Amino acid sequence: MANDSQSGIRRQIQLPLSEAVRISFQSLKIRFWRSLITTAGILLGIAFLVAVVAGAEISRSLKEVKGTAEIQTFMDEEEDTEGVSAQQIWLVVMSLIVCVVGIANSMLMAVTERFREIGTMKCLGALDRFVVELFLLESGFQGLAGALAGALIGLIATVLLNLKDYGLDLFWNFPLLRVLIVLFFACLIGMILAVLGAAGPAYRAAKLPPAEAMRVEV
Amino acid sequence: MASDIVIKTEGVVKEYRMGNNILQALKGIDLEIGRGEYISIMGPSGSGKSTIFNMIGALDRPTRGTILIDGQDMAKLDTFEVAWLRCNKIGYIFQSFNLITVMTALENVTLPMIFAGLSEKDRNKKGTELLERVGLGGRIDHKPDELSGGQMQRVAIARAFANDPSIILADEPTANLDLVTGREIIGLLKVLNEQQNVTVISATHDLKMLDVSDRVVYIRDGLVERIRNRDEIEIEIGTVGGH
């Protein structure tokens with residue numbers, strides 16, 4: 001039956017978070033390889049970040065215990081008092097910039113190739129913010145997965161490299177708390193970068209009138 | 001009777017800016033469409049029929065003129081109201097089906113029901129019923145790439161009926177289908193139109209649509225050229241056939 005045709009226009013439209021999470025997760029799963037490439041970009045950036053910063057923390061901790069004289073770190077000899085050299089900071093910043101550009105590019109591609117899908121969703125009653133929400137959730141998942149894996153790989157790499165310098169002493173003087181803090185912030189940065197990279201294209205796509213979004217041929 | 005008019009357009013103009021030129025796709029469309037009518041909007045490519053479809057369906061805004069749906073001026077609706085309208089009052093069927101490729105048939109059909117706030121149990125039940133009604137009861141878990149063109153359009157029809165809309169807008173629903181499948185889709189739309197008293201508006205240049213239409217609106221160069229009732233259409237078809 002044609003329902004409530006006389007009852008006027010209402011406003012209630014919803015997308016529960018659980019549904020949004022399910023849809024975005026499913027969307028990532030279906031585009032697994034493409035998602036993996038984007039995630040790999042985040043992974044590399046974060047792995048590098050963790051390797052440098054956590055490595056510096058480890059060597060600082062060991063220097064505190066053993067004194068600086070007998071220790072040569074793998075990265076650089078020109079370390080300042082904080083344990084991270086200017087060159088290392090520069091490398092980390094560069095890798096993060098490359099990471100953001102890579103993510104923004106992947107997200108731009110991912111959003112553009114799905115203009116029709118976005119238009120269709122809006123035809124079915126999706127609000128602009130649902131579209132943005134779905135894309136941000138997707139990129140957030142990718143960011144988190146990439147950052148977690150990157151942090152783990154970075155940590156393993158830096159532990160192996162420091163193992164060469166310090167031997168098993170490394171484990172007795174391991175700065176666990178400081179390394180965990182580094183890992184936490186690295187994951188956070190990875191997620192934020194991914195969400196930031198997706199926000200612009202997703203917002204632009206969501207603002208398009210459905211007719212225009214569906215007209216776009218990619 | 002005013003209450004039986006479900007859609008009314010008054011002087012609808014749509015202009016597109018193409019570089020320095022302004023292209024007028026619609027030059028002042030006046031239409032009245034009654035509840036439960038089956039209307040075909042016919043016209044050659046570029047005549048403006050898809051544009052009028054987009055205007056009536058709240059998919060785009062006119063440059064000038066008013067569109068009233070159930071007496072409500074669309075220009076005065078805010079974003080939430082337009083979304084509600086698209087979700088609950090209008091069902092869309094497209095030439096290229098526009099199914100969400102990553103979702104199964106059932107998920108495609110139930111997506112508008114999520115926006116309308118139905119529980120998972122209710123929407124799965126209703127979605128399954130709708131898919132059974134369009135003859136796809138055995139394929140609810142199939143993804144669009146596992147379905148034929150006709151089957152995809154059936155899913156799109158089931159999706160269009162998801163929230164019991166009062167208007168179905170179909171933009172060239174048979175253009176990507178073969179003759180037999182196209183005829184089946186038209187028949188299905190007609191049955192649903194009669195069973196549910198839903199207004200069906202179809203932009204088309206498929207002559208098969210004429211058989212089932214209550215009225216045919218001919219659009220040419222952004223203007224309504226003529227409107228023909230069913231009896232007049234039959235005479236015209238007879239004349240064409242006689243030549």
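Predicted model: local features only at pLDDT ≥ 70, side-chain atom pairs only at ≥ 80, totals over all residues.
Local features need pLDDT of at least 70, side-chain atom pairs count only at pLDDT 80 or more, and totals for chains, interfaces and linings use all residues. Residues are numbered from 1 along each chain as its sequence is written, chains are lettered from A, and side-chain values use heavy atoms, without hydrogens and water.

Helix 2 of chain B spans residues 79-89. Helices are DSSP runs of H or I with at least four residues, strands are runs of E with at least two, and both are numbered from the N terminus. Nine of the eleven residues in helix 2 are buried, that is, under 20% relative accessible area with a 1.4 Å probe, protein chains only. Among them are B:W84, B:L85 and B:C87. The cover includes helix 4 (115-123) and helix 8 (210-215) of chain A. At the helix start, a side-chain oxygen of B:D78 reaches to within 3.1 Å of the backbone nitrogen of B:F80.

Aromatic rings come next. Rings of Phe, Tyr and Trp (its six-membered ring) pair if their centres lie within 6.5 Å; planes under 30 degrees apart count as stacked, over 60 as edge-to-face and the rest as tilted. Six such pairs occur over all chains. B:Y92 and B:F94 are stacked because their ring centres lie 6.2 Å apart and their planes meet at 5°. Both residues are buried. Ring pairs link B:F53, B:Y92 and B:F94 into a cluster.

Terms used. Buried < 20%, exposed > 50% of the residue type's maximum accessible area, 1.4 Å probe, protein only. Contact = heavy atoms within 4.5 Å. Polar contact = N/O pair within 3.5 Å; in protein donor to acceptor, adjacent residues only side chain to side chain.
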